[in-house]
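Visitor: I would like to learn how to read a structure, feature by feature. Can we go through one together?

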Amino acid sequence: MKPHRIRMTHHLVLNYGLYRSMEIFRPFPATFDDMTRFHSEEYMLFLKSANPDNLKSFNKQMLKFNVGEDCPLFDGLYEFCQLSSGGSLAAATKLNKQKVDIAINWMGGLHHAKKSEASGFCYTNDIVLGILELLKYHKRVLYVDIDVHHGDGVEEAFYTTDRVMTVSFHKYGDFFPGTGDLKDIGAGKGKLYSVNVPLRDGITDSSYQSIFKPIMTKVMERFDPSAVVLQCGADSLNGDRLGPFNLTLKGHGECARFFRSYNVPLMMVGGGGYTPRNVARCWTYETSIAVDREVANELPYNDYFEYFGPNYRLHIEQSNANNENNPELLTKLQADVIANLEKLTFVPSVQMRPIEDDALRSMNDSSALVDMADPDRRLPAEVTDQMIQDEGDFYDGEREGDDRRNESDGKRAAQLD
């Protein structure tokens with residue numbers, strides 16, 4: 001779960017040249033006030049104050065807030081939470097302002113964190129904060145979780161509202177966090193607005209899509225969301241150290257392609273994934289789906305090239321693990337879920353209310369920087385990162401992925417070494 005896997009993803013995205021088709025933003029860290037829109041003040045003060053040097057004086061709170069075992073205390077923890085949450089808040093703000101159609105925060109997706117409790121290496125729930133931000137402008141928000149673990153923190157946060165529907169496809173039965181039964185469907189106003197699809201070990205691409213597409217088609221029809229948040233946890237891939245599923249990048253990425261085809265504002269966040277080379281592969285591939293660009297199976301040379309040996313390919317193969325999800329089980333599961341969806345009030349209405357102030361008010365438009373820039377000096381990277389290059393542009397630059405003339409030579413040399 002270390003941020004190193006995000007750095008590996010970033011390098012692959014750069015060296016495939018995908019950054020030319022998108023805008024790259026440097027989000028502001030979320031403030032204490034931003035994070036306490038969901039989390040309790042007492043919990044956030046603890047995260048802000050505690051560190052490895054003074055943890056003995058926080059013994060009671062560590063027990064209370066579940067910090068220590070699965071969620072260790074480390075230097076820079078609060079800043080880590082600020083950056084992860086800030087990324088999802090910035091993504092939501094960009095979607096709200098219609099500056100982008102798809103916003104990606106691979107550093108986000110920490111779906112286990114509760115209001116006053118850390119869980120499963122998730123300390124602050126950037127997804128809940130992002131959805132709360134989206135709800136300022138959007139009537140209904142759909143949250144879909146394809147991580148191998150149940151998205152319990154997000155489900156719990158919106159369990160009693162009909163403005164957010166949570167849908168989670170996960171391994172269920174003697175597996176962390178132990179929640180996410182088919183019978184958990186929400187409560188009060190939110191009854192039927194929590195959807196759980198509990199799966200067994202070894203599910204393959206074809207089995208997964210045979211249940212994912214019919215259920216999500218019905219959800220889109222009955223709920224009609226005006227924004228979608230997709231948690232793309234990569235621990236549902238084959239070869240993960242913790243996850244027992246058997247998906248490849250193509251099966252996992254098909255979920256992103258499904259939502260892209262609906263043309264609704266889409267926020268994509270990261271999540272779990274405990275084989276870092278496959279996490280980087282997965283999120284790079286899903287970035288290419290988001291920008292609608294084909295990428296070669298042969299990996300471009302990058303700073304972490306040796307991590308992807310011995311084949312140096314983007315795509316991974318399915319294993320021959322036994323698929324415990326037989327067609328009869330999946331058919332029955334699909335029928336049960338769709339029966340619940342059929343009971344829904346068709347597209348719930350929402351009362352009109354004044355729009356609240358945006359989070360991260362310091363986010364501003366960089367067009368003034370471009371207009372007032374000195375023509376004899378280069379624009380700062382903060383500005384050039386936000387420019388989308390035309391595919392006809394062909395020149396050598398100083399960034400990864402820019403030296404297209406020599407990239408094949410670099411790969412060959414690396415493999416010979």
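This is a predicted model: local features need pLDDT of at least 70, side-chain atom pairs count only at pLDDT 80 or more; totals for chains, interfaces and linings use all residues.

Visitor: Is Lys-114 buried or exposed?

Guide: The general idea is a cut-off: a residue is called buried when its relative accessible area is under 20%. Lys-114 has 12%, so it is buried.

Visitor: Which residues does Lys-114 touch, not counting those up to four places away in sequence?

Guide: Lys-114 touches Phe-38, His-39 and Tyr-43, together with Ser-119, Asp-152, Gly-153 and Glu-156.

Visitor: Ser-119 is on that list. Where is Ser-119 found?

Guide: Ser-119 also belongs to the loop between strand 1 (102–105) and helix 6 (126–134). Its relative accessible area is 7%, so Ser-119 is buried. Setting aside residues up to four places away in sequence, the contacts of Ser-119 include Asn-66, Cys-71, His-112 and Phe-176.

Visitor: What is phi of Phe-121 near?

Guide: Phi of Phe-121 is near 55°, a positive value in a residue that is not glycine. Phe-121 is in the loop between strand 1 and helix 6, and with a relative accessible area of 17% it is buried.

Visitor: What is phi of Tyr-312 near?

Guide: Tyr-312 has a positive phi near 50°, and it is not a glycine. Tyr-312 is placed in the loop between helix 10 and helix 11.

Visitor: Now the peptide bonds. Is the bond from Gly-309 to Pro-310 cis or trans?

Guide: Omega is the angle to read here. From Gly-309 to Pro-310 omega is near 5°, and the bond is cis. Pro-310 is in the loop between helix 10 (276–290) and helix 11 (327–342).

Visitor: What kind of peptide bond joins Phe-176 and Pro-177?

Guide: A cis bond, with omega about -5°. Pro-177 lies in the loop between strand 3 (164–171) and strand 4 (194–199). Phe-176 was named above as a contact of Ser-119.

Visitor: Where does Asp-147 lie, and what does its side chain reach?

Guide: Asp-147 is in the loop between strand 2 (141–145) and helix 7 (152–157). It is buried, with a relative accessible area of 1%. Its side chain reaches the backbone nitrogen of His-149 at 2.8 Å. Leaving aside neighbours within four places in sequence, Asp-147 is in contact with several residues, among them His-111, His-170, Gln-231 and Asp-235.

Visitor: With which side chain does that of Asp-235 make a polar contact?

Guide: With the side chain of His-149, at 3.1 Å. Asp-235 is found in the loop between strand 5 (227–231) and helix 9 (249–260), and at 0% relative accessibility it counts as buried. Beyond residues up to four places away in sequence, Asp-235 touches Asp-147, Val-148 and His-149, and its other contacts include Asp-240, Gly-272 and Tyr-274.

Technical notes: Residues are numbered from 1 along each chain as its sequence is written. Side-chain values use heavy atoms; hydrogens and water are left out. Helices (H or I, at least four residues) and strands (E, at least two) are DSSP runs, numbered from the N terminus. Buried means under 20% relative accessible area, exposed over 50%, partly exposed in between (1.4 Å probe, protein chains only). Contact means heavy atoms within 4.5 Å. A polar contact is a pair of N or O atoms within 3.5 Å; within protein, one must be able to donate a hydrogen and the other to accept it, and residues adjacent in sequence count only if both atoms are side-chain atoms.
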